[in-house]
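User: I would like to go through this model with you. Please keep the answers brief.
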Amino acid sequence: VVSTQSTWDDPSTYLLVYPDETAVRVDQLTDLDKYKHVIVIEATWQQSRSISKDERWKGLTKVKLYDHRSIFWRYQSKDDSYLATIEAIYFFFVEYKNALLAATNPNQTYDGEYDDLLYFYCHQYNTIQNSYKSDPSRTFTARANRPNYIKYDDEKKIDVDKEENEEVQLQ
């Protein structure tokens with residue numbers, strides 16, 4: 001949902017998840033219980049830069065996540081440290097929960113309560129992987145041939161042309 005809101009009822013209760021130079025790590029926040037709202041920009045990485053500079057975000061606390069690796073299966077021009085939106089949401093809540101636990105109950109650890117956020121994401125990832133595995137004639141763009149992009153069984157060979165825009169064909 002795109003907000004056209006220009007003012008916030010209480011900006012101190014909002015967090016904007018976006019990794020810019022003013023953002024702090026979730027575990028560096030104090031008084032974690034005061035935050036009641038989380039905003040995550042849903043856009044391509046190219047679009048998100050200009051969106052993050054919108055005047056409506058001024059006064060909101062920006063947070064960035066620790067380094068995580070994306071398993072996003074579609075091509076993007078960024079490396080795998082640039083998360084898909086659902087991955088960022090998931091890792092935000094895990095980091096937030098861990099920060100809360102560290103402040104209130106250091107002997108307790110994250111128990112997987114947010115893992116279901118990734119259910120459909122993982123389902124779609126597996127569907128795509130199975131589609132390529134079951135149809136050797138399917139091709140994909142080599143520039144996206146990263147560790148988590150398209151995986152074939154070990155006994156099958158992938159012939160990757162060195163050109164960035166060439167297609168990968170299972171042989």
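User: In β3, which residue is the bridge partner of leucine 15?
Analyst: Leucine 15 has valine 38 as its bridge partner in β3. Strands are DSSP runs (E, at least two residues), helices are runs of H or I with at least four, and both are numbered from the N terminus. This is a predicted model, in which local features need pLDDT of at least 70, side-chain atom pairs count only at pLDDT 80 or more, and totals for chains, interfaces and linings use all residues. Residues are numbered from 1 along each chain as its sequence is written, and side-chain values use heavy atoms, with hydrogens and water left out.
User: In which sense do β1 and β3 pair?
Analyst: Parallel, over four bridges; two strands pair if DSSP finds at least two bridges between them.
User: And which residue of β4 partners leucine 16?
Analyst: That is lysine 62.
User: Changing topic, how many aromatic pairs are there in the whole structure?
Analyst: The search finds eight. Rings of Phe, Tyr and Trp (its six-membered ring) pair if their centres lie within 6.5 Å; planes under 30 degrees apart count as stacked, over 60 as edge-to-face and the rest as tilted.
User: Why is the pair of tyrosine 18 and tryptophan 45 tilted?
Analyst: Because the planes of tyrosine 18 and tryptophan 45 stand at 35°, with the ring centres 6.3 Å apart. Tyrosine 18 lies in the loop between β1 and β2, and tryptophan 45 in helix α1, 27 residues apart.
User: What sits over the ring of tyrosine 66?
Analyst: The charged end of arginine 25, 4.5 Å from the ring centre. The criterion is NZ of Lys or CZ of Arg within 6 Å of the ring centre and within 35 degrees of the ring normal.
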